[in-house]
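Hello,

Here is the structure I promised to pass on. Please open it first, then read my notes below.

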Amino acid sequence: MPVTINGPMPRDVLKELLEAEFPDWKVVTSQRALDVIDRPTILLKQDIIVPLPAAPQSHFNVSFYVTIADPHQDMDLAEAALDQNVLALWAVLLGAPQTMPKQAKKVLFEGRYMAYDIETDLTVQKGQ
């Protein structure tokens with residue numbers, strides 16, 4: 001018997017939220033290599049699914065890494081842009097009813113772009 005989910009898929013929730021809030025940024029909804037980044041880029045990487053402790057039979061948390069990468073090759077410019085962009089992204093995730101950002105960690109994306117991985121959970125309810 002197939003399992004149904006009440007509401008949209010978690011990846012779709014993030015995609016719609018982030019495209020609406022950051023229309024000039026690129027939002028990539030699948031984990032993959034990107035050859036060139038020419039604007040601030042958000043990459044969604046689904047990671048872990050676990051039962052919600054308060055309701056393990058009906059709800060679960062879907063964890064994502066929401067990566068924000070900056071296109072600047074000059075690290076000083078990239079750092080300055082990311083200082084602002086990671087906080088803007090964090091604020092949007094924090095303010096959305098379905099998302100719970102947990103931490104942001106600075107990383108090097110594709111070996112050359114300065115970035116942050118924001119670990120974020122979305123709570124999903126199993127359907128009837």
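The crossing of helix 1 and helix 2 is right-handed (left-handed would mean that the near helix is turned anticlockwise from the far one by less than a right angle, right-handed that it is turned clockwise). Helices (H or I, at least four residues) and strands (E, at least two) are DSSP runs, numbered from the N terminus. This is a predicted model: local features need pLDDT of at least 70, side-chain atom pairs count only at pLDDT 80 or more, and totals for chains, interfaces and linings use all residues. Residues are numbered from 1 along each chain as its sequence is written, and side-chain values use heavy atoms, without hydrogens and water.

Now the loops. Val 36 sits between strand 2 (26-28) and strand 3 (41-51). Val 36 is exposed, at 61% relative accessible area (buried is under 20%, exposed over 50%, partly exposed in between, with a 1.4 Å probe and protein chains only). Val 36 touches Arg 112 and Tyr 113, leaving aside residues up to four places away in sequence.

Glu 110 lies in the loop between strand 5 (99-109) and strand 6 (113-126). Glu 110 is partly exposed, at 33%. Its phi is near 60 degrees, a positive value in a residue other than glycine. Most residues other than glycine have a negative phi.

Best wishes

Note on methods:
Contact means heavy atoms within 4.5 Å.
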